[in-house]
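Reader: I am new to this structure. Please take me through the terms used for it, one at a time.

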Amino acid sequence: MIKVNGRELDIDIGSRHIVVQRRYEALGAFNDLMIAVWFLIGSFFFLNDSLVESGTWLFVVGSAQLIIKPLIKLISLVHVGILHKATLQQ
């Protein structure tokens with residue numbers, strides 16, 4: 001922990017920390033991409049009356065993935081926190 005102008009600055013350059021954090025960021029980005037895909041396809045499906053029900057299900061899937069987004073972030077924070085504690089104990 002380094003203090004700069006009275007503020008704490010936590011610098012962690014451990015390779016495991018970086019690898020794990022980048023994997024969670026990639027997972028979060030992929031989740032965001034899939035949300036956009038489901039909503040875009042669902043929107044096009046609403047233009048055709050015979051596809052409205054399928055479009056609705058795509059919106060449901062996209063909405064469920066919106067719940068997954070903060071879960072990925074929380075799991076990432078916990079996992080990285082555990083790695084950080086393990087690094088400090090070594």
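This is a predicted model: local features need pLDDT of at least 70, side-chain atom pairs count only at pLDDT 80 or more; totals for chains, interfaces and linings use all residues.

Reader: What makes up the fold, and in which order do the elements run?

Author: The protein has 2 helices and 2 strands. From the N terminus on, the order is β-β-α-α. Helices (H or I, at least four residues) and strands (E, at least two) are DSSP runs, numbered from the N terminus.

Reader: Why is Gln-65 called buried?

Author: Buried means under 20% relative accessible area, exposed over 50%, and partly exposed in between (1.4 Å probe, protein chains only). Gln-65 has a relative accessible area of 13%, so Gln-65 is buried. Gln-65 is found in helix H2, residues 52-89.

Reader: Which residues does Gln-65 touch?

Author: Contact means heavy atoms within 4.5 Å. Not counting residues up to four places away in sequence, Gln-65 touches Asn-31, Met-34, Ile-35 and Trp-38.

Reader: Is Gly-28 buried or exposed?

Author: Gly-28 has 18% relative accessibility, so Gly-28 counts as buried. Its place is in helix H1. Gly-28 is among the residues that Ile-72 touches, with residues up to four places away in sequence not counted. The C-alpha atoms of Gly-28 and Lys-73 are separated by 7.6 Å, though the two are 45 residues apart along the chain.

Reader: How many residues make the largest nonpolar core, and which are they?

Author: A nonpolar core is a set of buried Ala, Val, Leu, Ile, Met, Phe, Trp, Tyr and Cys residues joined through side-chain atoms within 4.5 Å. The largest one has 5 residues: Val-20, Tyr-24, Ile-72, Val-80 and Leu-83. Helix H1 (15-45) and H2 are the elements that give two or more residues to this core. H2 gives the most, with 3 residues.

Reader: What makes Lys-69 and Asp-32 a salt bridge?

Author: A salt bridge is a side-chain nitrogen of Lys or Arg within 4 Å of a carboxyl oxygen of Asp or Glu. The side chains of Lys-69 and Asp-32 meet at 3.4 Å, N to O. Lys-69 lies in helix H2 and Asp-32 in helix H1, so the pair ties together parts that are 37 residues apart in sequence. A search of the whole structure finds 1 salt bridge.

Reader: Why are Lys-69 and Asp-32 called partly exposed?

Author: Lys-69 has 41% relative accessibility, so Lys-69 counts as partly exposed. Asp-32 has a relative accessible area of 32%, so Asp-32 is partly exposed too.

Reader: Which residues make the nonpolar surface patch?

Author: Patches are made of residues with over 30% relative accessible area and no salt bridge: like charges are joined within 9 Å, nonpolar side chains (Val, Leu, Ile, Met, Phe, Trp, Tyr) within 5 Å. Ile-67, Leu-71, Leu-74, Ile-75 and Leu-77 make a nonpolar patch of about 500 Å². One of these, Leu-74, lies in helix H2.

Methods
Residues are numbered from 1 along each chain as its sequence is written. Side-chain values use heavy atoms; hydrogens and water are left out. Accessible areas come from the Shrake-Rupley method with a 1.4 Å probe; for residues, only the protein chains shown count as cover.
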